[in-house]
Amino acid sequence: MRADAAAASLACNDYRKFWSSIQKTSNTRASKFVNIVDGCTGDTAIVDRWHRHFEQLYNSCDFESQNQFYMRLEHIKSISDNVIISVQDVKEACCKQKRNKSPGLDGIHMEAVIHGSNRLYVHLSLLFNMFIKFSFLPSSFMASVIVPLLKDKCGDVTDVNNYRAIAISCAFSKIFESLIASYIQSVNVVDKYQFGFKPRHSTSLCTSILKQTVDHFTSRGSHVFMCFVDFKKAFYSVNHWKLLDKLLDDNVNYKLVKLLGFWFSRQVYCVRWRNSLSSYFNITNGTRQGGVLSPYLFSRYIRELLGVISESGVGCKRTGQFVNILAYMLMI
């Protein structure tokens, strides 16, 4: 009923009423009065339960590929130019950061960096270049806090699977990820089938292509069969070392891949539930939901899967182009 009312407001171009209804149905404060999660009561017991839950999710892959990655790293040489982070790069990256966001564990808000002086940008430039040169990051830089957010407030609010994890990292980590993103990303023809977290792409565009394709064949008397696949815990299941191997396949700068390997193998998480913090735990797999690089890294991780399906020669074909897979990546 809420969805129908919102759709009616949108159809009548009553945008004020539409967004007002969206705001009222937001999950922002849905877990405010939740005092039982998976049978645990009290903030301390609940945050410990979240600690065990996420520690298990983020440590479900083997380490065999880690050894293979480092063996390959020993025999590979970077064929890319050296990565140099200039002061102007840092300044531009800081200006693009979002405001009014929760700070990381260090308590430093992004606004403090955005409104920093050129002297701050000089120090950050020197710091980031040292990170890349020595493939090293301080422990506080790699620490993040997980905040469980309710997916469906009309569902079971005591079920741990009805929550998604948002990892909040420090402001300097976000800026550094923004700076190295352009050096890590690669382009492939298969990427046209991926609509999530891409400029000028959205759910609406993906849905529009799907509907147009279906209408094209059904209007001509054909049947169209579709399959919807939801990868369970997809972001949690990413194998770091296989992902880094794929970056090496893309000829990403050797030092950046080595730095990411150091980062992945030593990052730690804790969980925040209201005013309680859990103890830290290491992770061995998964991408950090909420991270700047995470959307691209996941899309790169599944690129070969999309390629196999798109090149299979099975599915709907229009104007010589197969439209047999449409991927929309949601961080849930």
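This is a predicted model: local features need pLDDT of at least 70, side-chain atom pairs count only at pLDDT 80 or more; totals for chains, interfaces and linings use all residues.
Q: Good to know. Which residue pairs up with arginine 303 in a salt bridge?
A: Aspartate 250 does, with the closest N and O atoms 3.9 Å apart. Aspartate 250 sits in the loop between H10 and helix H11 (254-266) and arginine 303 in helix H13 (residues 303-310), so the bridge ties together parts 53 residues apart in sequence. Aspartate 250 itself is partly exposed, at 23% relative accessibility. Salt bridges that share partners join Asp191, Lys246, Asp250, Arg300, Arg303 and Glu304 into one network.

Q: What's your cut-off for a salt bridge, and how many are there?
A: A side-chain nitrogen of Lys or Arg has to be within 4 Å of a carboxyl oxygen of Asp or Glu. That rule gives 9 salt bridges.

Q: Where does arginine 274 come in?
A: Its side chain forms a salt bridge with that of aspartate 43, at 3.2 Å from N to O. Arginine 274 is in the loop between strand S5 (268-273) and strand S6 (276-277), while aspartate 43 is in helix H3 (residues 43-57), so this pair ties together parts 231 residues apart in sequence. Arginine 274 is partly exposed at 34%, and aspartate 43 is partly exposed at 28%.

Q: How are you picking the helices and strands?
A: They are DSSP runs numbered from the N terminus: H or I with at least four residues for helices, E with at least two for strands.

Q: And what does aspartate 245 pair with?
A: Aspartate 245 bridges to arginine 72, with 3.1 Å between the closest N and O atoms. This pair links distant parts of the chain, 173 residues apart: aspartate 245 in helix H10 (residues 240-249) and arginine 72 in helix H4 (residues 64-75). Aspartate 245 is buried at 18%, whereas arginine 72 is partly exposed at 29%.

Q: Switching topic: which residues touch the most other members in the largest nonpolar core?
A: Phe128, Leu137, Phe141, Phe176, Ile184, Leu247 and Leu260 do, out of 48 residues in that core. H8 gives the most to this core, with 8 residues. A nonpolar core here is a set of buried Ala, Val, Leu, Ile, Met, Phe, Trp, Tyr and Cys residues joined through side-chain atoms within 4.5 Å.

Q: What does isoleucine 184 contact?
A: Leaving out neighbours within four places in sequence, isoleucine 184 is in contact (heavy atoms within 4.5 Å) with Leu247, Val252, Leu256, Leu260, Leu293, Tyr296 and Leu297. Apart from this core lies another, of 21 residues, including Val37, Trp50, Tyr58 and Tyr163.

Q: On to pockets. What lines the second largest pocket?
A: There are 38 lining residues, with Phe228, Val229, Leu326, Ala327 and Tyr328 nearest its centre. By class, the lining has 28 nonpolar, 6 polar and 4 charged residues. Helix H9 (203-218) and H13 each supply at least two of the lining residues, and H9 gives the most, with 6.

Q: What volume does the second largest pocket have, and how do you define a pocket?
A: About 1200 Å³ of space lies in it. On a 1 Å grid over the protein atoms alone, a pocket is an open set of points where a 1.4 Å probe fits, with protein on both sides within 12 Å along at least five of seven lines; lining residues have an atom within 4 Å of a point. Points are joined across faces, edges and corners, and the volume is the space filled by probe spheres set on them. For the classes, Ala, Val, Leu, Ile, Met, Phe, Trp, Tyr, Cys and Pro count as nonpolar, Asp, Glu, Lys and Arg as charged, and the others, Gly among them, as polar.

Q: Last one: where is asparagine 162?
A: Asparagine 162 is in the loop between strand S3 (143-150) and strand S4 (163-168). Asparagine 162 is buried, at 10% relative accessibility. Beyond four places away in sequence, asparagine 162 touches Leu149, Leu150, Lys151, Asp152, Gly155, Asp156 and Val157.

Definitions and conventions: Residues are numbered from 1 along each chain as its sequence is written. Side-chain values use heavy atoms; hydrogens and water are left out. Buried means under 20% relative accessible area, exposed over 50%, partly exposed in between (1.4 Å probe, protein chains only).
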